[in-house]
Amino acid sequence: MRYYIPDYVRRAVGLLNSHGFSAYPVGGCVRDTLLSRPVHDWDITTAARPDDIVRVFGDAVCGDEGKKYGTVRVKVDGEMMEITAFRVEGGYSDMRRPDSVEFTSDLNDDLSRRDFTVNAMAFDEDGTLIDPFGGLSDINDRLLRAVGDADTRFGEDALRIMRALRFSSVLGFSLEKNTHEAVFLCRGLLRHVARERIYEEFKKLMSGRDAHRVICEYADVIAVFMPDITAAGEYSLAFACDTVSRLPADFHIRTAALYIAKGFPDADALADSFLCSLKSDRAARNKVSAIIKAASMLCDTSETGIKKAMALMGADAVKAALLIKQSMAKASRDEDGALLYEAASQKAEAVINSGECITVGGLAIDGRDLISLGFEPSPRMGETLSRLLFAVIEGETENSRGALLEYAKKLMGQT
Ligand code: ATP
Ligand code: MG
């Protein structure tokens with residue numbers, strides 16, 4: 001059986017071969033080809049050392065910041081690729097990064113340092129599979145199996161525990177028995193892994209097709225960095241996972257859903273401190289927080305209630321919150337509730353499509369108009385514009401320049 005390898009990858013391999021170095025597409029690109037999934041990066045592993053790679057590719061080299069670990073980035077026919085020298089890893093004293101990397105001339109040594117059998121395969125130049133650890137058979141059985149002894153491999157680098165959970169969620173694979181047990185046995189080592197790296201894997205896990213199954217099955221592992229997951233009892237965990245299973249594959253929506261569905265009264269604060277603990281970016285924290293706040297406001301699903309929630313939290317957060325509410329209703333077999341929130345989602349869609357005013361920016365007047373009425377430029381102006389927006393939403397005034405200026409004058413008179 002010969003698998004497809006794109007021309008630019010063949011060209012890069014051919015160039016290395018013509019200089020006397022063996023070279024092979026390896027890792028994720030091989031796995032995804034066998035799974036008929038789109039391949040996003042074609043990585044190449046080669047007998048060439050980093051200095052040789054730089055010499056062979058000359059002007060095509062785009063970055064050598066990973067050279068110490070053997071990796072050089074190149075661009076061939078406009079496509080970026082990572083070329084990495086065959087390597088084995090030295091000892092691990094911090095359970096994160098090998099103390100040293102040693103280069104080797106043997107492809108098999110390089111494949112044996114890789115994490116899972118499905119990630120430890122390569123293609124030779126004519127597209128034939130090189131598979132020393134039974135990766136193809138594990139792909140057929142939809143299994144993730146550590147290369148070598150699972151405890152040892154997780155002990156060397158505990159990030160592999162997160163990678164196991166992530167691949168399980170994204171690919172819908174189960175963990176082979178020894179690998180499964182080692183994940184639980186070694187889970188405490190996750191405390192030594194950089195929070196940012198856990199976060200990157202957790203985001204991918206949460207966006208995977210099987211996120212709900214993995215969260216439920218490996219809650220005790222996830223609890224090492226997300227203690228909230230096992231708080232509030234087993235029923236709440238099962239309910240939260242059922243809710244997540246009904247939601248689109250979006251990290252922010254699903255994370256917000258976990259906190260909402262677990263019924264925490266202070267869901268917003270808990271979710272925020274969890275995301276902070278993983279050094280999440282502010283944009284992600286804001287998105288999750290807006291969804292949780294919108295959900296708590298959506299007891300009123302009238303058109304006015306929906307518009308007010310949109311004015312305060314943004315239309316996207318409200319749409320996400322309504323989806324979560326609908327999924328929670330379905331998870332608790334509450335058919336009336338599910339219908340109610342489905343209808344509310346349709347109302348929300350209609351509001352967005354109608355172009356009705358749901359933001360201060362949509363008002364027929366702005367801050368300059370208020371200043372011309374004698375307002376001092378100050379933060380209070382923003383407050384006044386928000387009051388005008390709510391007045392429009394509640395039907396107390398039209399959204400026209402004349403009516404709003406009149407209404408603003410009345411507000412000024414009051415204060
Ligand atoms: P994707 O890019 O789709 O997330 P991938 O398998 O390409 O998946 P990368 O993180 O890009 O994953 O790593 C490339 C390859 O390097 C993997 O397929 C695996 O062979 C190896 N690898 C990556 N991280 C580790 C690790 N922590 N321990 C051992 N091998 C690893
Ligand atoms: Mg990759």
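1. Let's start with the overall picture: this predicted model has 21 helices and eleven strands in the protein. The globule rule would give 22 Å for 415 residues, but the radius of gyration comes out at 27 Å, well over that, so the protein is more spread out than a compact globule.

2. Next, have a look at the second largest pocket, with a volume of about 190 Å³. Which of the elements gives the largest share? That's α17, with four residues.

3. To find that pocket by residue, pick out Asp250, His252 and Ile253, then Lys287, Ala290 and Ile291, and finally the run Met313, Gly314, Ala315, Asp316 and Ala317 plus Ala320; together these line the second largest pocket. Sorted by class, the lining has seven nonpolar, two polar and three charged residues.

4. Now for a helix pair. The axes of α16 (residues 303-313) and α18 (residues 335-354) come within 10 Å and cross at roughly 65°. How is the crossing handed, left or right? α16 passes α18 in a right-handed crossing.

5. As for who touches whom in that pair, α16 brings Glu303, Ile306, Lys307 and Met310, and these meet Ala344, Lys347, Ala348, Val351 and Ile352 in α18. By class, the contact of the two helices has six nonpolar and three charged residues, with no polar ones. Glu303 and Lys307 are among the α16 residues in the contact, while Lys347 is one of those in α18.

Notes:
Residues numbered from 1 in each chain as written. Chains lettered and ligands numbered in written order. Predicted model: local features only at pLDDT ≥ 70, side-chain atom pairs only at ≥ 80, totals over all residues. Heavy atoms only, no water. 1 Å grid on protein atoms, 1.4 Å probe; cavity = no way out; pocket = protein on both sides within 12 Å on 5 of 7 lines; lining within 4 Å. Points joined across faces, edges and corners; volume = space filled by probe spheres on them. Helix = DSSP H or I, 4+ residues; strand = E, 2+ residues; numbered from the N terminus. Nonpolar A, V, L, I, M, F, W, Y, C, P; charged D, E, K, R; others polar. Axes fitted to C-alpha atoms, helices over the stretch in contact; angles between N-to-C directions. Left-handed = near helix turned anticlockwise from the far one by under 90°. Contact = heavy atoms within 4.5 Å. Rg over C-alpha atoms; globule rule 2.2 N^0.38 Å.
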